Amino acid sequence: MKICVVSDSHGEDYKLEKILRDNKDCDYFIHCGDSHFDKKNPLLDKFVIVKGNHDTLPFPLYTTLDIDNHRILIAHGHYDNIYVRLDLIVERAKKMGADIVCHGHTHIPFCESYLGVLVICPGSTMFNRSATGFATYAILEINDGIDCKFIDFDTKIDVTDEAIKDGLKQLDFFRRYEETS
């Protein structure tokens, strides 16, 4: 099963349209919030979508998607203090029976197992908050195992480990700042 995960497009629908065209082999498309869709947007029926802190439509704050033997919790993350901690969203996932979380809000691509739950942020299709700054999305493949890779929107090439590490440094900065303030 192949899943495309996007977040934080902030009204740049042309990027979502391109991602849909470039990833026709995906079985599902998830949007983790801050789409800025209006109620007439033709992309509404293309994505499993949740409400971000900048969305005005009444999307759910959380939803789940069951695929094979996995349940994915989809959230934006702003109610779970996702910039500085993973425990709140992981606790919510466990209560909802999910073993995978897809979230947005940070604009930083991220994939890590935390307390037995795989936590994924696809970054942002608008821009990322790291030194590289380019737009990203995630491709999640669920077969015998779970594989997550990040794609550079402009080049369609896998994001390098160095770029991911740079984003993780930014998340560490947010977490250290929160601890000291």
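Student: Which residue forms a salt bridge with K2, and how many Å apart are the closest N and O atoms?

Tutor: Quick background: this is a predicted model, where local features need pLDDT of at least 70, side-chain atom pairs count only at pLDDT 80 or more, and totals for chains, interfaces and linings use all residues. Residues are numbered from 1 along each chain as its sequence is written, and side-chain values use heavy atoms, with hydrogens and water left out.

Now, K2's partner is D25, with the closest N and O atoms 2.6 Å apart. D25 sits in the loop between helix 1 (13-22) and strand 2 (28-31), while K2 is in strand 1 (residues 2-6), so the pair ties together parts 23 residues apart in sequence. (Helices are DSSP runs of H or I, at least four residues, and strands are runs of E, at least two, numbered from the N terminus.) K2 is buried, at 18% relative accessible area, whereas D25 is partly exposed at 46%. Here buried means under 20% relative accessible area, exposed over 50%, and partly exposed in between, using a 1.4 Å probe and protein chains only.

A salt bridge, by the way, is a side-chain nitrogen of Lys or Arg within 4 Å of a carboxyl oxygen of Asp or Glu. That rule gives eight salt bridges. Another one joins D22 to K18, at 2.7 Å between the closest N and O atoms; both lie in helix 1, four residues apart, about one turn of the helix. D22 also meets K156 in a salt bridge (4.0 Å, N to O). K156 lies in the loop between strand 10 (146-152) and helix 3 (161-180), so its pairing with D22 in helix 1 ties together parts 134 residues apart in sequence. Put together, K18, D22 and K156 are linked in a network of salt bridges.
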